[in-house]
Structures are given as structure tokens and as C-alpha cells.
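Please find below a colleague's note on the structure, written for someone who has not seen it before.

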Amino acid sequence: MSVQINANIPLRDNSLLKTSYDEERPLVHVIEDNYDMRMEIRDEFKSDYRVIDSENGLVGFEKSIASIPDIIISDIQMPGINGIELCKLLKKDERTSHIPIVLITGYDDEKGQLIGLKNGADDYVTKPFSFGILRARVNNLVKTRQLLLNKFLNESHQSQIKSGSVSSHDMLLKKAYEIIDQNISNSTFEANDFARAMGMSRAQTYRKIKVVTGLSVKEFIRITRLKKAAGLLLIGDHNISEIAYKVGFSSGAYFSSSFSHYFKISPTRYVILNKSK
């Protein structure tokens, strides 16, 4: 059976994305053709997660592109696009490549399980499975994403734009750093410009950055500018006002207040403390 995939899928469900802006709970996408099983999985996660669902792989692919969930749970055996094919499609697409995928498989042998893992799945559960095990696998993957957020917040600007600091499935994040770096001194470079440079819609870009970093696009750009400024301050070739303009702040006062808010220390004090180490 030949199934046509539209890689340039428009956002079809604006209410879905509005919910993702308004709520902080992680978004789980359940893709399962068996209605009863799909509803059971929804019920298992709805108390701690936001949950959306799809009845087959084609709908699941389209809805994943539109919503950029935090994690996907998919059955392997589905009509049309099965779970393995869906996993490959999602992992190859820059918009969804970062999303952890848990496959539900009927394979009970090691060879069968490796099929899913080799095609990009992050974990699997074997039928018949315990919902407690499924929940634990999902929770662990979501926590791993949180660790990536913490890593982002603690890394210097320079380390973030080096290829070695970003795992292969987050190369899109490296691209994001490079785009901001190329426009670092442009004070008018904002979210719309960033989304165009990334080759995504603004809503898709928002969800991608939010999932990977925990930040809005505006916050992501601002913090990346501040990290660049921190590195320039330690080099010592420019004064604070000059650095403010070099990293895209149109006001020296706004730069100093933003820097102090993020680093919990003034630019001047930051230089004194770090150069004394």
C-alpha cells in the first residue's frame, strides 16, 4: 500500500497549539489503531500529562508535525504507515527529530525489538505490558529532556555552537545557535526572522524550541545573546556598552538589567569574579 506523506503540513488545529502555549504539563501523543487500547493509554497519562491521540500512522505523523509533542507512544502494528515507518519519518524530519518515541511491540524476541531501536525508537514495551512499566519509561524519557534543558541553561555560548556539544538528534538546535550567532548584532532580529531562517512556521518553531530548551523563542534568543556577551566580557576587548550593541541590545541599560537578571550578578561584577578565578 502506497501512502503519500505531505512534508509541508500546515497547522490544522490551532486550538491544540493554543493549549500547548497555556499549559506547562508535557504533551503525550498516543498513536494506536485499537480504540480501546488508545483510550486506556490516554486514561493512564491524563492526570499528569496533556494527551492527544491518533488512530493511525498517517494521522499520527501529521498531528505530530502540527503539535510537536514532548513524547510519542506508538503501536508498531498499524494499517498504512506502521510504527517502524512512522518512527523513521519522524526522526528524519528536523521538526520532530528530537521527540522521544516509545514503541509498543508484539515482538518478544531480541531481534524484533532491535528493529524498532535501530529505526530511531528511544524505548519500547512488549505486549502484553504493564501500564506501570509504560509510565516509568515515558517518565524517564521526559526527565532526560529536562536534563537537556538544564545543560542548555548552564552551557556557555561558545560550547553550544560547537558540533561536539550537541547530540545527533538535536542538530537542529545547533542550527538554531548558529542562526542567532550569525545575527547576533542585529537588534531587530526577532522570532519571525528566526522562524524563517529555521525553515518552519512560527508555531512549529515555538514548540520545537520550547520542548528542547523549556524557553520561548524570544527567551531563547535573548539568553543566547547574553551568553555571547558573557564570553565577550571575559575577553576584555570592549567595554560593556560596546558589548551590549555587539550582541543586539539597543540599550546599554536594558542589557545590564537583563544580564543581571539572568546571571544574578551585574556585568561589571561578573568580570571581576571570573577574572579572579
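1. Basis of the note. This is a predicted model, in which local features need pLDDT of at least 70 and side-chain atom pairs count only at pLDDT 80 or more, while totals for chains, interfaces and linings use all residues. Residues are numbered from 1 along each chain as its sequence is written, and side-chain values use heavy atoms, with hydrogens and water left out.

2. The chain overall. The protein chain has 14 helices and five strands, where helices (H or I, at least four residues) and strands (E, at least two) are DSSP runs numbered from the N terminus. Of its 277 residues, 46% count as buried; buried means under 20% relative accessible area, exposed over 50%, and partly exposed in between, with a 1.4 Å probe and protein chains only.

3. Strand β4. All five of the five residues of β4 (residues 101-105) are buried, so the strand is largely enclosed by the rest of the structure. Ile101, Leu103 and Thr105 point one way from β4, and Val102 and Ile104 the other way. In a regular strand the side chains alternate between the two faces of the sheet.

4. Neighbours of β4. Strand β3 (residues 71-75) pairs with β4 in the parallel sense over four bridges, two strands being paired if DSSP finds at least two bridges between them. Ile73 stands opposite Val102 in β4. The chain crosses from β3 through helix α4 (residues 83-92) to β4 in a right-handed β-α-β crossover, meaning that, with the strands pointing away from the viewer, the path from the first strand over the helix to the second runs clockwise. Strand β5 (residues 123-126) also pairs with β4 in the parallel sense, over four bridges, and there Tyr124 is the bridge partner of Leu103.

5. Salt bridges. A search of the whole structure finds twelve salt bridges, each a side-chain nitrogen of Lys or Arg within 4 Å of a carboxyl oxygen of Asp or Glu. Asp53 forms one with Arg42, the closest N and O atoms being 2.4 Å apart. This pair links Asp53 in strand β2 (residues 50-54) to Arg42 in helix α2 (residues 35-45), eleven residues apart. Asp53 is buried, with a relative accessible area of 16%, whereas Arg42 counts as partly exposed at 26%. Arg38, Arg42 and Asp53 are linked in a network of salt bridges.

6. A further pair. The side chains of Lys91 and Asp122 meet in a salt bridge (2.9 Å, N to O). Lys91 lies in helix α4 and Asp122 in the loop between α5 (110-118) and β5, 31 residues apart.
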